[in-house]
Amino acid sequence: MIFPIALSVIFSFSEWRRFSFISFGTLQHYQRIFSDPVLIKAFGNNLIYILVTIVLEGFLGLILAAIAHRLRRSMAFRAIFFAPVILPSIVIGTLWRQMYATSGGLLNAFLDLFGMAPVVWLAPPYTMFSVSMVSGWIFAGYFMTIFFASMTRIPDSIIESARIDGAGELRLFFQIEIPLIKNMIVLVALIIITGGFKGFDLFQILLRRDPLQSGIVLPTYLIRTFFENTNIGYGSALSMLLTALVLGIVGVMSYINKHVVGQVDEY
Amino acid sequence: MNTERILQRTGRMFARAIMFAVLLVYLIPVLWMYSSSMRSNGEILLDPLGFPKSFMLDNFVTAWEMAELGRHFLISIAITSVSMSLVVVVATLAAYGFSRLDFPGRQWLFAFFLIGLILPVQSFLVGMFIMFRSFGLLNTMWSVILPTAAVSTPLAILLAKNYFDSLPHSLEESAYLEGAGTLAIFRLIILPLATPIVVTIITFTVIGVWNEFMIPFVMVQTASKRPLTTSLYVFSTKHSANYALKLAALAMIATPMFLVYLIFQGQIQKGITAGAIKS
């Protein structure tokens with residue numbers, strides 16, 4: 001693994017003509033990073049995607065976990081909400097592409113029932129929202145399971161005594177459950193944010209070539225630069241940018257986890 | 001007291017209502033996939049919400065043949081089983097080494113593997129593509145097996161090392177006194193004890209490799225060599241207008257996975273969430 005990474009670093013400083021290596025020692029690819037309008041658009045789309053998925057996967061997952069934690073029997077719900085994670089992205093992506101279809105698609109058929117005009121879901125201004133929806137559909141149940149598992153580790157005695165002291169469900173949620181699983185919340189935020197920069201499958205499957213580039217993100221731009229335009233130098237530079245971004249986020253988040261959030265006291 | 005109880009009861013009803021609403025959001029797409037896969041394409045276009053009139057089971061036969069699902073299933077099975085075996089062997093051996101052997105640079109090497117946990121696949125994809133290209137490995141199963149195994153190994157090492165660390169040393173010590181070598185101890189004493197963690201590693205590796213899309217998308221361009229995921233991508237691009245056919249193919253891939261999930265549900269949940277909980 002270290003060898004191909006080293007190769008990518010070298011490539012990003014090299015000149016290429018299609019697949020043939022010409023010379024090492026150029027900064028042109030990194031200079032291009034700072035003046036590439038498509039890259040800016042891809043980066044912006046990545047940020048939108050991350051914001052929407054934090055709400056759809058993180059917040060929703062947390063709320064569903066809190067509800068499941070209060071139900072006596074939630075096993076079946078949890079099992080079903082979790083199920084999409086095991087399916088390949090191609091199955092989910094293709095299914096949702098059908099559901100988003102303008103004619104013959106499930107969503108527009110529902111809109112039609114209520115007498116609303118059909119929507120072109122996978123085109124601007126809805127592109128990023130539609131892709132994020134699918135991601136939310138896959139991962140809300142996944143993060144719910146993770147949050148639920150950490151909530152069940154809170155001893156019953158703490159929850160009982162809070163109830164006896166007259167704490168309502170909302171106070172229980174904000175003052176007991178959230179503080180006691182705060183490290184897990186930071187970890188899930190980290191997974192969603194870095195995942196938001198790495199996500200490739202759904203964009204490629206839902207949008208295909210995406211000629212308008214309305215849903216272009218860093219990973220799809222990288223693959224297109226590399227394979228469709230066979231620009232190996234710039235493709236490598238983009239992959240280094242992506243790597244630096246992910247490592248930087250991991251660094252910042254673990255700093256936040258250690259110094260701002262702090263560890264939960266033993267219970 | 002009474003109002004409190006009413007509040008609690010409405011709260012509980014509200015909570016249950018939310019759960020059922022979310023349940024519908026999960027069930028409807030899947031039910032739609034199954035019902036539409038048994039209808040003709042014309043029926044779907046006319047009325048996407050309708051139920052199948054005649055249960056066209058031919059859709060499945062046609063989709064199976066046209067998408068050559070049998071062949072791509074076999075390719076995926078081969079890739080997944082080889083990749084999974086590689087991960088299990090390499091990760092358990094390496095983890096045992098990290099856990100029990102004291103060699104110079106051990107901390108550094110382990111930290112290096114931990115970085116592998118957070119690196120995106122994209123960081124080595126370009127380099128690996130060029131490397132495979134010059135070795136002539138592109139468009140072979142190895143061009144998918146090696147990178148997918150590399151992606152799963154760091155987490156497998158971490159989980160296995162934590163597990164080995166928790167095993168007592170006394171068993172090994174007595175075997176060592178009887179004259180057993182390190183590898184014999186590993187094979188005869190450690191591995192049988194490590195079954196739970198090996199099952200977890202197998203679970204997330206198999207699901208991860210089976211579902212992998214980006215790596216074969218980049219590495220395999222020969223149609224007959226593609227695993228299930230990317231071959232389905234090409235198939236659905238080619239027949240993009242034939243909804244019935246596509247949905248039938250999807251249903252045939254999803255159904256066995258649902259069945260496996262139904263049987264091993266707890267194990268699978270544990271396996272897939274292992275990465276998030278331990279790291």
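**Entry 1: domains**

Which domains does the domain assignment of chain B give? I looked this up and found domain 1 (2-60) and domain 2 (68-238); such bounds come from an automatic or database domain assignment. I then checked the spacing: the C-alpha centres of domain 1 of chain B and domain 2 of chain B lie 38 Å apart.

A note to myself on the source: this is a predicted model, where local features need pLDDT of at least 70, side-chain atom pairs count only at pLDDT 80 or more, and totals for chains, interfaces and linings use all residues. Residues are numbered from 1 along each chain as its sequence is written, while chains are lettered from A and ligands numbered from 1 in the order in which they are written.

**Entry 2: chain A overall**

I found 13 helices and two strands in chain A. Both are DSSP runs numbered from the N terminus, helices being H or I with at least four residues and strands E with at least two. Along its principal axes, the C-alpha trace of chain A spans about 75 × 55 × 30 Å. Chain A has 267 residues, and 46% of them count as buried. A residue is buried if 20 or more other C-beta atoms lie within 10 Å of its own, exposed if 12 or fewer, and partly exposed in between, with C-beta atoms placed from the backbone.

**Entry 3: where the chains meet**

I saw that 57 residues from chain A and 54 residues from chain B take part in the contact. Two residues are in contact if their C-beta atoms, placed from the backbone, lie within 7 Å. On the side of chain A that touches chain B, helix α13 (residues 232-261) of chain A gives the largest share, nine residues. That side divides into 40 nonpolar, twelve polar and five charged residues. Here Ala, Val, Leu, Ile, Met, Phe, Trp, Tyr, Cys and Pro count as nonpolar, Asp, Glu, Lys and Arg as charged, and the others, Gly among them, as polar.

**Entry 4: Gln98(A)**

I picked out Gln98(A), which is found in helix α5 (residues 89-99) of chain A. Is Gln98(A) buried or exposed? Gln98(A) is buried because 24 other C-beta atoms lie within 10 Å. Leaving out residues up to four places away in sequence, Gln98(A) touches Gly105(A), Tyr243(B), Lys246(B) and Leu247(B).

**Entry 5: Phe147(A)**

My last stop was Phe147(A). Not counting residues up to four places away in sequence, Phe147(A) touches Gly61(A), Leu62(A), Ala65(A), Ile181(A) and Met184(A).
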